[in-house]
Amino acid sequence: EALLGACLASIARAVDAARAVVPRIGVWVVLDACTDGSAGIARAAGVEVITVDARSVGTPRAAGVRAALAAFDDVPARAIWTAHTDADSVVPPNWLTHQLHLARRGSDVVVGTVRPDFRDLDAEQIEAWWATHTPGVANGHVHGANLGLRASALLDAGGFADADVHEDVRLVVEVRSRGGRLVG
């Protein structure tokens with residue numbers, strides 16, 4: 001609840017920038033077992049809200065994908081790009097346009113980096129993060145909080161698994177094993 005507004009504001013900026021590239025864009029927020037004010041925040045932001053009671057990560061991501069594909073059922077899956085983030089993330093204004101550019105160049109998966117809000121970390125955690133990350137360089141880790149997938153590749157790989165952890169990693173491994181082109 002405390003972080004969702006900033007996330008949705010950042011997505012709104014990215015959507016505004018992407019409207020110059022694609023004519024139709026939808027945004028869905030999937031709330032998993034939320035009992036706080038997140039639904040009101042999301043509705044106030046003008047996005048579609050889906051609720052689930054899974055207490056996991058894979059099921060909510062899958063629910064969001066199903067809703068998006070249903071809303072774009074007149075568009076071939078190969079022409080649909082899905083972009084995923086988490087409520088505690090803030091995406092840059094070029095988040096979607098960058099992914100769409102890479103998709104147009106043939107990418108099926110874009111694995112982005114995630115930079116924590118250092119205000120949420122102690123000094124030791126910050127030092128550990130900087131020891132393993134170079135700004136602007138992909139670090140090889142899959143993060144559901146910054147992940148884009150062509151819908152056809154996502155579906156061909158079986159979608160997001162109903163899992164507590166690593167649903168994103170499993171999906172990317174599966175897309176790659178089926179010949180999907182990955183940029184990260």
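## The largest nonpolar core

Of the 20 residues in the largest nonpolar core, those that touch the most other members are Leu-8, Ile-11, Val-29, Ala-42 and Leu-96. A nonpolar core is a set of buried Ala, Val, Leu, Ile, Met, Phe, Trp, Tyr and Cys residues joined through side-chain atoms within 4.5 Å. Buried means under 20% relative accessible area, exposed over 50%, and partly exposed in between (1.4 Å probe, protein chains only). Two or more residues of this core come from each of α1 (4-18), β1 (28-32) and α4 (95-104). Helix α1 gives the largest share, 7 residues.

Leu-8 is in contact with Val-29, Ile-41, Ala-42, Ala-45 and Val-47, leaving aside its neighbours within four places in sequence; contact means heavy atoms within 4.5 Å.

## Basis of the model

This is a predicted model, in which local features need pLDDT of at least 70 and side-chain atom pairs count only at pLDDT 80 or more, while totals for chains, interfaces and linings use all residues. Residues are numbered from 1 along each chain as its sequence is written, and side-chain values use heavy atoms, with hydrogens and water left out.

## Overall architecture

The chain has 7 helices and 6 strands, arranged from the N terminus as α-β-α-β-α-β-α-β-α-β-α-α-β. Helices (H or I, at least four residues) and strands (E, at least two) are DSSP runs, numbered from the N terminus.

The radius of gyration of the chain is 16 Å, which agrees with the value near 16 Å for a compact globule of 184 residues. The radius is taken over C-alpha atoms, and the globule rule is 2.2 Å times the number of residues to the power 0.38. Of the 184 residues, 40% are buried. Among contacts between residues at least 6 apart in sequence, 67% join residues at least 24 apart.

## The surface

The chain exposes about 10100 Å², and carbon and sulfur atoms supply 53% of this area. Accessible areas come from the Shrake-Rupley method with a 1.4 Å probe; for residues, only the protein chains shown count as cover.

## A buried arginine

Arg-61 is placed in helix α3 (residues 58-71). Arg-61 counts as buried because its relative accessible area is 12%. Not counting residues up to four places away in sequence, Arg-61 touches His-84, Thr-85, Asp-86, Gly-144, Ala-145, Phe-160 and Glu-167.
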